[in-house]
Amino acid sequence: MKKSQEYIARTLFGLEDVLSKELENLGAENIQKLKRAVSFEGDKQLMYRANLHLRTALRVLMPIHRFEARNEHQFYRSIQSINWSKYMDKTDTFAIDTTVYSDYFTHSKYVMYKAKDAIVDQFRKHFHQRPSIDVDEPTLRIHVHISERNCTVLLDSSGTSLHKRAYRTKTHRAPINEVLAAGMIMLSGWHGERPFCDMMCGAGTIVCEAALIGQNIAAGAYRKQFGFQSWKDYDHTLWRNIQEEAKAAQRPLEHPIVAADIASKTVDMARGNMILPAFEELRVSRKDFFKNSPKYENGVLMMNPPYGERYHEDDILDFYKNIGDTMKKYYAGYEAWIISSNKQALKNVGLRPSKKYQLFNGRLECKFHRFDLYTGTKNNDAVDKQ
């Protein structure tokens, strides 16, 4: 019988439901939604699959020890009680990340140093040699989470954050996170069954994530390394089989994915991020959204327009009004999705959203709205007064 282990997948606020569904589809058990995270249970094979496939996870962590501590001495002893030679050798490297919400421990860096001392002292005592610190590419990345007196030690099976898909080489001034872009698409319910477009594409992240989803290409298909590949119990054969299984499940793109932006430099940047085989059918052009109708009918339009930080207030309100007017004029039959932190500007779109989600783009609290652009009897001019 395969051994079941608890894991915690971290995500962005508002994507917990989407991540839970992803885990359910992978066969995870005992799925529990947390704040910006989802806990679940499964075996090593599931953990490997989770790192490869999850589109809305930032990291997959494995808890190895929980304890209570009210002071640095209790904390140090508890960290030392873990048999660290089970997870790394004296010649390996490690890094420690800390998250602290506690009246007992007020400085996260101090917690990090105490945890490092406890690990190093254990190795010195037993092996007369200690592993080194490497904050960039450690053999083992350790997370310590403290909530008041409750402490959890977790190992990071992902290594580099999973939002780094290894396709984006150039970034826009305000790039959207790959995990957020994928989450938006999955919230929309689009899986490749209709044309998809982003006419303010920036660096092209949204359409790149759409291309991966539309072709059922695993989110981490182009990554070179995951954290678990440096673990002492790494199973190379199992990992190779999971990768081959993922490749066999890929499918051709059934409908076109189109991207455009008004700035030629931005278009060049987006094209520079689309050099991998998954993106060879993407079409990126320099176009003014406000002056061009879509090439395809009955598609999905998704955009991350400017929020107004560099605009005069009246200008940004007019900008969003023009977005609404353009959608009504050219995009009848489409399902449109817009994310923005500017709530007043979103109201100026002049359409009533049929769905609303609260998300965060970085530190900015955003609304993600769906607008159904009907042809015929529905009233597209109904303004959301809420």
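**Close-up 1. The salt bridge between Lys44 and Asp233 in the predicted model.** Lys44 and Asp233 form a salt bridge (a side-chain nitrogen of Lys or Arg within 4 Å of a carboxyl oxygen of Asp or Glu), with their closest N and O atoms 3.8 Å apart. Because Lys44 belongs to helix H2 and Asp233 to the loop between helix H6 (205-214) and H7, the pair ties together parts that are 189 residues apart in sequence. Lys44 counts as partly exposed at 27% relative accessibility, and Asp233 counts as partly exposed at 44% (buried means under 20% relative accessible area, exposed over 50%, partly exposed in between, with a 1.4 Å probe and protein chains only). Residues are numbered from 1 along each chain as its sequence is written. This is a predicted model in which local features need pLDDT of at least 70 and side-chain atom pairs count only at pLDDT 80 or more, whereas totals for chains, interfaces and linings use all residues, and side-chain values use heavy atoms, with hydrogens and water left out.

**Close-up 2. The salt bridges of Arg370.** Arg370 forms a salt bridge with Glu335, the closest N and O atoms being 3.6 Å apart. This pair links distant parts of the chain, with Arg370 in strand E15 (residues 364-372) and Glu335 in strand E13 (residues 335-340), 35 residues apart; strands are DSSP runs of at least two residues and helices (H or I) of at least four, numbered from the N terminus. Arg370 counts as buried at 18% relative accessibility, and Glu335 is buried at 10%. The side chain of Arg370 also meets that of Asp372 in a salt bridge (2.7 Å, N to O).
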